[in-house]
Amino acid sequence: MTADVPNLRVSHAEREAVVERLREAAGEGRLEIEELEARLDAALTAKTHADLAPLVADLPPVVPPSETPPLVVKGGLNGASRTGRWTVPPHIKAYGGAGGLKLDFTRTGCRLPEIEIEAHGQMAGVTLVVPDGWAVDTTGMDPGMGGLKDKTSPDRRPGMPLVRLTGNGGAAGVVVRHPNRWERRKLERNPPD
């Protein structure tokens, strides 16, 4: 949006960008439903930049995914895991350390088109558990001494993420797989949203 020319007329794309930001803000809990509806009506009928600017002026700017710092997760000495419902960022750096690391995406409900994961198996390895329907591209991965085991199916469902896996298997390796039998039973008893 060209805020320095407030009387310049807005395009459909500029209106849609503001509408999308308002919806995101409501999803973040920044706007109540009534306020969201009022602002959406105003955005859809806006004629100039001066009409649109106040609708998002009190909202924090959106940081583009390329500028978002990666999530760094380390196994350390005792190991670590990221399971359950958690917010998946577009870029993750995973280090197995001496205790190992498991990242389980089955309950995340992630709708990003792509996720970049830089995995380093190190001494104890990294395990990634992805839902059925997610696809994994391992062409950028160096298997190292521990190797790379890709036990996923190549079938990607529409609207599901593509995981681009890079890094090094290290001494213990990296495993990427779908949920095992025990994990599937847990998911059936308590399905993700």
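Modeller: Gladly! Keep in mind that this is a predicted model. Let's begin with the strands β5 and β9.

Colleague: What makes β5 and β9 a pair?

Modeller: Two strands pair if there are at least two bridges between them. Strand β5 (residues 114-120) and strand β9 (residues 162-168) share seven bridges, in the parallel sense, so they meet the cut-off of at least two. To see one of these contacts, find E118: its bridge partner in β9 is T166.

Colleague: Which strands make up the sheet, and in what order?

Modeller: The open sheet has five strands with parallel pairing, in the order β1-β3-β5-β9-β7. On average, neighbouring strands in it are turned by 20 degrees against each other, direction ignored.

Colleague: Now to V174. Why is V174 called buried?

Modeller: Buried means under 20% relative accessible area. V174 has 1% relative accessibility, so V174 counts as buried. You will find V174 in strand β10 (residues 174-177).

Colleague: What is V174 in contact with, leaving aside its neighbours within four places in sequence?

Modeller: Its contacts include A119, G121, V126, M141 and L165. Take G121: V174 and G121 are 53 residues apart in sequence, yet their C-alpha atoms are 5.5 Å apart in space.

Colleague: Which residues of helix α3 are buried?

Modeller: In α3 (residues 49-56), they are H49, L52, L55 and V56.

Colleague: How do you know that the buried residues of α3 line one face of the helix?

Modeller: Look down the axis of α3: its buried residues fall within an arc of 120 degrees, so they line one face. As for what covers the buried residues of α3, α1 (12-27) and α2 (33-44) are included.

Colleague: What makes R21 and E24 a salt bridge?

Modeller: The side-chain nitrogen has to be within 4 Å of a carboxyl oxygen. For R21 and E24 the N to O distance is 3.6 Å, so the pair qualifies under the 4 Å cut-off. They are three residues apart in helix α1, which means about one helical turn separates them.

Colleague: Are R21 and E24 buried or partly exposed?

Modeller: R21, at 11% relative accessibility, counts as buried, whereas E24, at 33%, counts as partly exposed. Both also belong to a network of salt bridges that links R21, E24, E28 and R30.

Colleague: How many salt bridges does the structure hold?

Modeller: There are ten. One of them joins D137 and R164, with 2.9 Å from N to O. This pair links distant parts of the chain, D137 being in strand β7 and R164 in strand β9, 27 residues apart.

Note on methods:
Residues numbered from 1 in each chain as written. Predicted model: local features only at pLDDT ≥ 70, side-chain atom pairs only at ≥ 80, totals over all residues. Heavy atoms only, no water. Helix = DSSP H or I, 4+ residues; strand = E, 2+ residues; numbered from the N terminus. Axes fitted to C-alpha atoms, helices over the stretch in contact; angles between N-to-C directions. Buried < 20%, exposed > 50% of the residue type's maximum accessible area, 1.4 Å probe, protein only. Arc of directions from axis to C-beta. Contact = heavy atoms within 4.5 Å.
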